[in-house]
Amino acid sequence: MTVHEEGWRLTHLGRLLGEAGRRFDARVLHLMAHDVDVPLALSNLAARAQVSAAHIHITRHLELGGTRLVDLAQRAGMSKQAMGDLVDQCEAWGLVTREPDPRDARARLVCFTAAGLAWLKAFKDAVAQAEREFRSEVGADVAAVVAIGLEAYAGGTA
């Protein structure tokens, strides 16, 4: 393959992984936007594409007992400032609050609100549905191999 060939830019593994990830996250957000158990204001935000895949980082990485901002940022591979901006938005939407950290009086924990926990349940349900759709589209055997391969490639942290 030479650099002058065009096809490699469209079919290399990194591009395919990126496109698949964006497709999966978009489907999850679509399902969440139409989940009757998601608080209406949040479902409207998702339906109007105000909630992005970046906001899903909080949903993926926030522990049920709360997580410090610096830890959220590290888990999501983001800067503390970028995560702070996401937390500010999610706090304004009523998904999370900032509470004192009982282990460190100087620190604060980002915690889910009741609406945030409803959002988390909707996220779990949407991920399960999107995974079922993926398995249906590519077949159970291919889906299993893809999951095993991605887990190995991600260093077993998936």
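Start by clicking on Val 142, which sits in helix H8. Keep in mind as you go that this is a predicted model.

Now widen the selection to the patch. Pick Leu 13, Leu 17, Phe 134, Val 138, Val 142, Val 146, Leu 150 and Tyr 153: together they make a nonpolar patch on the surface, with about 700 Å² of accessible area. Colour by helix next, and you'll find that H2 (13-33), H7 (114-138) and H8 (140-153) are the elements giving two or more residues to that patch. Which of them gives the most? That's H8, with four residues.

Stay here and show H7 and H8 on their own. Their axes cross at roughly 120° and come within 6 Å. An angle like that makes H7 oblique to H8. To see what touches, select Phe 134, Arg 135 and Val 138 on the H7 side, then Ala 140, Val 142, Ala 143 and Val 146 on the H8 side. By class, this H7 contact with H8 has six nonpolar residues, one charged and no polar ones.

Last stop: another helix pair. Select residues 69-76 for H5 and 80-92 for H6; these two pack with their axes 9 Å apart, at an angle of about 110°. That makes H5 roughly perpendicular to H6. The tally for H5 with H6 is six nonpolar residues, one polar and one charged.

Terms used: Residues numbered from 1 in each chain as written. Predicted model: local features only at pLDDT ≥ 70, side-chain atom pairs only at ≥ 80, totals over all residues. Heavy atoms only, no water. Axes fitted to C-alpha atoms, helices over the stretch in contact; angles between N-to-C directions. Parallel < 35°, antiparallel > 145°, perpendicular 65-115°, else oblique. Nonpolar A, V, L, I, M, F, W, Y, C, P; charged D, E, K, R; others polar. Patch = residues over 30% accessible without salt bridge, like charges linked within 9 Å, V, L, I, M, F, W, Y side chains within 5 Å. Areas by Shrake-Rupley, 256 points an atom, 1.4 Å probe, with all protein chains shown as cover. Salt bridge = Lys/Arg side-chain N within 4 Å of Asp/Glu carboxyl O. Contact = heavy atoms within 4.5 Å.
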